[in-house]
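Welcome! Here is a short tour for anyone meeting this structure for the first time. Keep the view open beside the text and look up each residue as it comes along.

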Amino acid sequence: MINTYLEIIIRSAAVYLFMVIALRIFGKKELSQLNTADVILILLISNSVQNAMVGNNTSLWGGLAAATVLFAINFILKKLMYKYRKFSDFMQEKPEILIHNGNLDFEILSKLNITSDELKEAMREHGVEYFKDVKLAMLEIDGNISIISGENNLRQTHYKRRRIHKNLIQN
């Protein structure tokens, strides 16, 4: 019985670490712009790794043991990221400057796969019409685009970068 729970702990930790590495490789900014395919992917991933965590143990205690391990590892990682800057830098993507004083950084925009339509949408959400009016636009570590605009009265607003099919909005 103890071996079963030790196996669940080891399996859950391995799956958690795999997911952290996978998100680091594929980019955490993708989580802030979920479309239908992304939601399906997340659901399928959660279903596919469930057995990898608990094996044949489908008991309540097995599920609770797996969930406890996931919460514990997440708590520990957050503490380590808070305490150790280098670890935090390794685990998280850096904010990226998209526009500075009206000048677009096309290299960064291309690297991040941000289209001009997406950038214009973010600007409209912030009440900004022209690129020249943007003092600073940044893609934050959580995938949000922050924009600071204005001459004398700097104004910061918040835009959550997301891709939603028009069909979903209409339904």
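## Confidence in the model

This is a predicted model, and the chain has a mean pLDDT of 78. Of its residues, 78% reach 70 or more. One stretch calls for some care: over residues 161-171 the pLDDT is below 50. In the model, this stretch has 22 contacts beyond near neighbours in sequence.

## The overall layout

Let us begin with the elements. The chain holds seven helices and five strands. Reading from the N terminus, they follow the order α-α-α-α-β-β-α-α-β-β-β-α.

The chain has 171 residues, and buried ones make up 31% of them. Its accessible surface comes to about 12,000 Å², with 61% of that belonging to carbon and sulfur atoms. What about contacts between residues at least 6 apart in sequence? Among these, 58% join residues at least 24 apart.

## How the strands pair

Strand 1 and strand 2 run antiparallel and pair over two bridges. Here H100 has N103 as its bridge partner in strand 2. The hairpin of these strands has two residues between them, and N101 takes a positive phi near 50°. Strand 1 also pairs with strand 3, again in the antiparallel sense, over four bridges. In this pairing, E96 stands opposite L139 of strand 3.

Strand 3 in turn is joined to strand 4 by five bridges, and these two strands are antiparallel as well. V134 finds its bridge partner in S149 of strand 4. Five residues lie between the strands in this hairpin, where G143 has a positive phi near 95°.

## A closer look at N103

N103 belongs to strand 2, which covers residues 103-104. Is N103 buried or exposed? With a relative accessible area of 53%, N103 is exposed, since the cut-off for that class is over 50%. Although N103 and K135 are 32 residues apart along the chain, their C-alpha atoms are separated by 8.8 Å.

## The nonpolar cores

In soluble globular proteins, nonpolar side chains tend to be buried together. Here, the largest nonpolar core has 15 residues. L98, I99, V134 and I147 are those with the most contacts inside this core. Which elements give two or more residues to it? They are strand 1 (96-100), helix 5 (106-111), helix 6 (116-125), strand 3 (134-139) and strand 4 (145-149). Another core lies apart from the largest one and has eight residues, including I8, V49, V54 and A66.

Four of its five residues are buried, so strand 4 is largely enclosed by the rest of the structure.

## Salt bridges

Side chains of opposite charge can pair when their charged atoms come close. How many salt bridges does the structure hold? There are five. One of them pairs E96 with K111, with 3.2 Å between the closest N and O atoms. This pair links distant parts of the chain, as E96 sits in strand 1 and K111 in helix 5, 15 residues apart.

K94 forms a salt bridge with D89, where the closest N and O atoms are 3.6 Å apart. Both partners are partly exposed: K94 has a relative accessible area of 43%, and D89 has one of 26%. A further salt bridge joins K132 to D133, with the closest N and O atoms 3.8 Å apart. Of this pair, K132 is exposed, with a relative accessible area of 61%, while D133 counts as partly exposed at 32%.

Technical notes
Residues are numbered from 1 along each chain as its sequence is written. This is a predicted model: local features need pLDDT of at least 70, side-chain atom pairs count only at pLDDT 80 or more; totals for chains, interfaces and linings use all residues. Side-chain values use heavy atoms; hydrogens and water are left out. A nonpolar core is a set of buried Ala, Val, Leu, Ile, Met, Phe, Trp, Tyr and Cys residues joined through side-chain atoms within 4.5 Å. Buried means under 20% relative accessible area, exposed over 50%, partly exposed in between (1.4 Å probe, protein chains only). Two strands pair if DSSP finds at least two bridges between them. A salt bridge is a side-chain nitrogen of Lys or Arg within 4 Å of a carboxyl oxygen of Asp or Glu. pLDDT is the predictor's confidence in each residue, from 0 to 100. Contact means heavy atoms within 4.5 Å. Accessible areas come from the Shrake-Rupley method with a 1.4 Å probe; for residues, only the protein chains shown count as cover.
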